Amino acid sequence: MSRRVTLNLGFQGNTRDVTVVIPDDEPTPWQWGERLSVVGKPTPRVDGPLKATGAAHYTYDIELPGMLYGAILRSPRPHARIRNIDLSAAEHLDGVRAVLALEDREIRFAGQEVAAVAAISSDLAADALKLIKVDYEKMPFVVDMDRAMADFAPRVFGSGSNVGRTSTSSVGNVARGLEVAANTIEAAYTTAVQTHVCLETHGAVASFNAARDQLTVWCSTQGVFSVRDDLAVYFSLPPDNVRVVCEFLGGGFGSKFGATPEMIVAARLAGATGVPVKVMLPRGDEHRSTGNRPNSEQKVKLGVDRDGKLTAIDLVQRGSGGIGGGAGSAGPFKSIYRCANIRTEERNIYTNAGPASPMRAPGWPQGCFALELAMDEMARKAGIDRLEFRRRNSDNPVRAAEYEIGARAFGWAEKNSSPKSSGAFKRGVGVASAEWHAVGVPGPEAQVIAHRDGAVEVRVGTQDIGTGTRTILAIVAAEELGLPVDRVKSEIGDTRFLFSVPSGGSLSAPSNTPAVRQAAAHLKDKLFRIAAPILGAEPDDLEASDGFIRVRTNPSRSLAFADVCKRIPGDSISAQGERVANYEGFRTDQAGCQFAEVEVDTETGIVRVTHVVAVHDAGRIIDPLMARSQVNGGILMGIGFALFENRRMDPMLGIMVNPTMDDYKLLGSLDVPRIDVTFFEVANGITNTGVMGLGEVAHVASAAAVACAVYDAIGVPVRSLPITPDRVLAALGRA
Ligand code: MOS
């Protein structure tokens, strides 16, 4: 059974009515302008105190009786065949309980898993690793992308080429678009490999039952259910016999989907020893082996006509994800700006380095950097204001509105036209456009429970990657039940709860909140049926607000929510909700723009970001505090990408030379600029909450805006990230 609902969608000054058909048991979507009591109000992170006091349990904090400590031996060689592994000395070390040789006989990067041990302490496990003797047959290797493309380069994968399949896209005729252009530019841009640097490294604690047919794994993951499914396959167990728990995790950014090697190692060692085993990766392993954002070289051509309209966008790109793929960066070129002639060509180059994994808007920050700096180079050549140039080439009304809001908040007109200082310190400003698609997917189911004491619990098998999922889910349930947020507790991070999707792809908020809202609505109906006879009304005539259940037409006839709960016949009453399929909405994409101001010391080449203004749309904002925190994080990660982060490989040894927190430079607290975030609310429809994800879109434009600001400051583009002092000085030298 279904019903029709008309929604007024869009934004101030640009709305339209859309009639959608929704299932009968789906709550009516919140309308734009509908007065909500807790949604949209700043609510502090409900688990903030637990995190701040150290009471939150991360995987590292899991301690089980009799637990052993596992450690993984990794290849120091970038390419080798293992002739033999001698485990006997390690096996005979006192306190060692199990030693495993892992199956892979061909090593393709320095850091690949070779063997593992379980011992009674982590120090002993580390000692035992040193006793394992591996006889490697050295093989030629290549870690440099350019060298890997050469005809006689060592092959990463046997006889296969190091150059992956070329992926092309084309609309219109780029050659023609360049021919008719009044102005063209052509330049090459490069970005470095960035590692995820999750503050909590990858790790797991695994425990089998005595019969070895029930496996429980506590792990740091973005997807408890995907880990469960992978482990079930690996160990040939029914998925129901595998339980995965992740109460808290310290970041993932795309590197923690599915069962990763350390989880499988922990479970194998647990199976071999009959006791629980914990494996937490050291920082070096985290940098080398658990994923990264591939590097890129992007050759860009742009053409514009006399009116400053793009006539051609051409990208020839290559990138290396080590032994992994997914190095493309064409996304922004294909969709941020309107152009009739667009051609992109992407190639993945294999090298003997750790595998890439998805990383916060995969491909987009590097693509956005090249596209936006090229846009600035073109604007300068064509003599058009950079913001005006972007406006002219965008047909997204949301983005147009955001440019205005951002320009005003940033003071673009004034800052962009103020003369450069004649001194050593040069200020510059830049603007870049973001885009992402985060409307969520069906799949999650939620349970909401009211207890006799009036407490409410939300249970969903999602996990909090750090975005504040517990808080957001509690807010949505509280809104539906007319309660303050502190009456609702969210329980997540356990496959014993109902299914949910991984926390990636900016899926969490738009996929989980509608399921929670539906479950809360169903629970409310049940409570109304308890309250109705007492209030002498029909259930349909009741409403829930301010902690009361009352007769809509006569609010003085009411019962406190907690008093209704006292009449629950058993201990509790619960209801389920599901995330139904997306229905029609306003847009499925998100725009967003970021403005950055930098100060460049032209004597030392040091760049400091002083101010960032971010304007983003993400449908309905559930909690502006959590949302702002997402945007702050996206920007800071982007500044790190722009100025500091660079996984460096030694071409002669084939190893990462900076796998530490000292040598792999991250942004520090003194590098944090003033950040102003504005949310442009768009009534987007699509689900009953109208929420869109924010984690990735907030990161797409950040590095690009900084690079554009550096160009403005020194008058010459630095076309390679990170923009290190030497590169700034070299660019100034060329100028
Ligand atoms: Mo992400 S790269 O969708 O965790």
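The model is predicted. Its chain is divided into domain 1 (66-157), domain 2 (162-194 + 295-390), domain 3 (396-438 + 583-735) and domain 4 (439-578).

**Extent of the interface of domain 1 and domain 2**

- Taken over C-alpha atoms, the centres of domain 1 and domain 2 are separated by 38 Å.
- Domain 1 contributes 17 residues to the contact, and domain 2 contributes 17 residues.
- About 1300 Å² is buried between domain 1 and domain 2, and carbon and sulfur atoms give 63% of that area.
- On the side of domain 1, the residues that lose the most area to domain 2 are F109, M145 and M149, which together make up 47% of what that side buries.

**Polar and charged features of the interface**

- Between domain 1 and domain 2 the count is 1 salt bridge.
- A salt bridge joins the side chains of R318 and D146, at 2.8 Å from N to O.
- There are 6 residue pairs in polar contact across the interface of domain 1 and domain 2, both residues of each pair being at pLDDT 80 or more.
- The side of domain 1 that touches domain 2 consists of 12 nonpolar, 1 polar and 4 charged residues.

**Setting of V279**

- V279 lies in strand β15, which spans residues 277-280.
- V279 counts as buried because its relative accessible area is 1%, against a cut-off of under 20%.
- Leaving aside residues up to four places away in sequence, V279 touches G70, I72, H202, G203, A204, E262, V265 and A266.
- V279 and R459 are 180 residues apart along the chain, and 28 Å separates their C-alpha atoms.

Definitions and conventions:
Residues are numbered from 1 along each chain as its sequence is written. This is a predicted model: local features need pLDDT of at least 70, side-chain atom pairs count only at pLDDT 80 or more; totals for chains, interfaces and linings use all residues. Side-chain values use heavy atoms; hydrogens and water are left out. Domain bounds come from an automatic or database domain assignment. Contact means heavy atoms within 4.5 Å. Buried area is the accessible area (1.4 Å probe) that two parts lose on being put together, summed over both. A salt bridge is a side-chain nitrogen of Lys or Arg within 4 Å of a carboxyl oxygen of Asp or Glu. A polar contact is a pair of N or O atoms within 3.5 Å; within protein, one must be able to donate a hydrogen and the other to accept it, and residues adjacent in sequence count only if both atoms are side-chain atoms. Ala, Val, Leu, Ile, Met, Phe, Trp, Tyr, Cys and Pro count as nonpolar, Asp, Glu, Lys and Arg as charged, and the others, Gly among them, as polar. Helices (H or I, at least four residues) and strands (E, at least two) are DSSP runs, numbered from the N terminus. Buried means under 20% relative accessible area, exposed over 50%, partly exposed in between (1.4 Å probe, protein chains only).
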